[in-house]
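I am opening my notebook to write down, entry by entry, what I looked up in this structure.

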Amino acid sequence: MTVLEFRDVHRTHGDGESAVHALRGVHLTVRPGELVAVMGPSGSGKSTLLNLAGGLDLPSHGEVLVEGVALDTLSHRGLAEVRRRTIGYVFQDFNLLPSLTAVENVALPLELDGTGIREARRAALSALGDIGIADLARRFPDEMSGGQQQRVAIARALVGDRRLVLADEPTGALDSQTGELVLRVLRDRVDAGAAGLLVTHEARHAGWADRVIFLRDGSIVDTSGPLASVTDLLEPTP
Amino acid sequence: MSIRNSLLALLERGPMHGYQLRAAFEASVGGTWSLNIGQVYTTLSRLERDELVAALPENDEGQRPYEITARGRTELNQWFATPIDRADRPRDELAIKLALAMTTPGVDLASVVQTQRVAGIRALQEYTRLKVSGGGDPDDPSWLLVLEAMIFQTEAEIRWLDFCEATILRKRTVPVPKTDAPVAARQTGPKVAGA
Ligand SMILES: Nc1ncnc2c1ncn2[C@@H]1O[C@H](COP(=O)(O)OP(=O)(O)OP(=O)(O)O)[C@@H](O)[C@H]1O
Ligand SMILES: [Mg+2]
């Protein structure tokens, strides 16, 4: 079973002369238990790819399927549900709600999804614990450092049963030890059966992935030209 | 890297024979580097010649343990007290290769860089797996130092590649050998930048 699939996905912004081809014909599959890292220079389309995977943006052409369902066939409501229930998304900016404490922020997606408050809080506390900040549970976002807020956002993305975890430079504001912790948590999640897609420019973080794809000018350059064998090379040896 | 000093350091824990030394060395480096037993014995006999270690009587299995001497201890302390001189390290072969690739006509620089980058990422994946699977002795995490050193070095190499690709390699000009007629240097800009 494939959790995430891209079928010939294109994403173009604008049209005519000024059109920007952010993605040009991307094929990609990510299975449960698989962590795929996406690397590539600035502007190569990494965030575009992740936004499409998370249903935050729709392709200009081609299809994005999550657990076999093409996201563009879903209603607004259906898409919102998939985003809330199936997908955990760590954004480049963390979007915590300022009026909620850390634990409330993390519990929110579960509560929205009908989980009882007590159970949602318990799951949220444990997610905060996994990422080393259980003691900050009662703080509001403006009472935390940037790195701490980022960790709350990561806990929020990972709380509950997310089958697809998407992370865009999740270690941005973190020191290297904390960054390592985040990668470990992400890896554990994937080892427990989730599918993961991780955008990173840090090679050491790509080292945690089972597969690394290189984007360049909107294309995955590991399937053609002089780089034909990159995917094979990067396949974990059995 | 000094196998000599490594063996001295291991013998500072107590007398050991060749196979024990090899096992202890590999445990210290988390299995990232294996010594062959021949290397161990050659090094031991040189250390013995220089009176830095002394051979002890053979045990029942016919293995001869060695112990560190006072002189050996002085040498070891000196090793720990002296920083490793960067000039003593081998030249960076990759930097030299890339410099030559940049100035050699017909070389696809982008693919030279990408090939190296992929090799680096693969190495990082292996090191990370080793780290996660806990390749060494859990009660003695010193092997992680070696593993992390390799991770940091590989990471640095890839960052250096990224940097060079985005800056220096874009300015590629292949020098043309001087002939009687003056020739302008050829530019291969778009190929390098766009690939
Ligand atoms: N809303 C938009 N309108 C027009 N162009 C856009 C839009 N969003 C992205 N782009 C363009 O699409 C391309 C890919 O952008 P994207 O954000 O995916 O890059 P990236 O690989 O994530 O880069 P970075 O490493 O800098 O985050 C860029 O050229 C960008 O300018
Ligand atoms: Mg981006």
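**Entry 1: a charged pair on one helix**

I began with A:Arg85, which counts as partly exposed because its relative accessibility is 38%. I note that the model is a predicted one, so I treat each value as computed from that model. I then looked for a partner of A:Arg85 and found a salt bridge with A:Glu81, in which the closest N and O atoms are 3.1 Å apart. Both residues belong to helix α2 of chain A, where they sit 4 residues apart, about one turn of the helix. A:Glu81 is partly exposed as well, with a relative accessible area of 33%.

Next I looked up A:Thr86, which I found in the loop between α2 (76–85) and β6 (87–90) of chain A. Is A:Thr86 buried or exposed? I put A:Thr86 down as buried, because its relative accessible area is 6% and the cut-off for buried is under 20%. Leaving aside residues up to four places away in sequence, I listed what A:Thr86 touches: A:Val66, A:Glu67, A:Glu81, A:Arg162, A:Arg163 and A:Leu164.

I then turned to A:Arg204, which counts as buried at 10% relative accessibility. A:Glu180 is itself buried, with a relative accessible area of 16%.

I also followed A:Arg204 across to chain B, where B:Glu148 forms a salt bridge with A:Arg204 and the closest N and O atoms are 3.7 Å apart. This pair crosses between chains, from helix α7 of chain B to helix α7 of chain A. B:Glu148 is partly exposed, with a relative accessible area of 22%. Through shared partners, salt bridges join A:Glu180, A:Arg204, B:Lys131, B:Glu148 and B:Glu155 into one network. For the link between A:Arg204 and B:Glu155, I wrote down 3.2 Å between the closest N and O atoms.

**Entry 2: where the two chains meet**

How many residues does each chain bring to the contact? I counted 21 from chain B and 22 from chain A. Together the two chains bury about 1,900 Å², with 56% of that on carbon and sulfur atoms. On the side of chain B, the residues that lose the most area to chain A are B:Gln114, B:Ile121 and B:Gln125, which together make up 26% of what that side buries.

Across this interface I found 4 salt bridges, and there are 6 residue pairs in polar contact. In chain B, α6 and α7 (142–166) each supply at least two residues of the side that touches chain A, and α6(B) gives the most, with 12 residues.

**Entry 3: the nonpolar cores**

I looked up the largest nonpolar core, which has 52 residues, and the members that touch the most others are A:Val106, A:Leu128, A:Val152, A:Val212 and B:Ile121. Its largest share, 6 residues, comes from helix α5 (residues 146–158) of chain A. A second, separate core has 29 residues, including A:Leu28, A:Val38, A:Leu79 and A:Leu197. As background I noted that, in soluble globular proteins, nonpolar side chains tend to be buried together.

**Entry 4: chain B in outline**

Chain B has 8 helices and 4 strands, and 34% of its 195 residues count as buried. I found chain B divided into domain 1 (3–82) and domain 2 (89–194), with 5 residues of domain 1 in contact with 6 residues of domain 2. These two domains bury about 470 Å² between them, 66% of it on carbon and sulfur atoms. In domain 1, B:Ser28, B:Gly30 and B:Thr32 lose the most area to domain 2, together 73% of what that side buries. Between the two domains I found 0 salt bridges.

How values were computed. Residues are numbered from 1 along each chain as its sequence is written. Chains are lettered from A and ligands numbered from 1 in the order in which they are written. This is a predicted model: local features need pLDDT of at least 70, side-chain atom pairs count only at pLDDT 80 or more; totals for chains, interfaces and linings use all residues. Side-chain values use heavy atoms; hydrogens and water are left out. A nonpolar core is a set of buried Ala, Val, Leu, Ile, Met, Phe, Trp, Tyr and Cys residues joined through side-chain atoms within 4.5 Å. Buried means under 20% relative accessible area, exposed over 50%, partly exposed in between (1.4 Å probe, protein chains only). Contact means heavy atoms within 4.5 Å. Domain bounds come from an automatic or database domain assignment. Buried area is the accessible area (1.4 Å probe) that two parts lose on being put together, summed over both. A salt bridge is a side-chain nitrogen of Lys or Arg within 4 Å of a carboxyl oxygen of Asp or Glu. A polar contact is a pair of N or O atoms within 3.5 Å; within protein, one must be able to donate a hydrogen and the other to accept it, and residues adjacent in sequence count only if both atoms are side-chain atoms.
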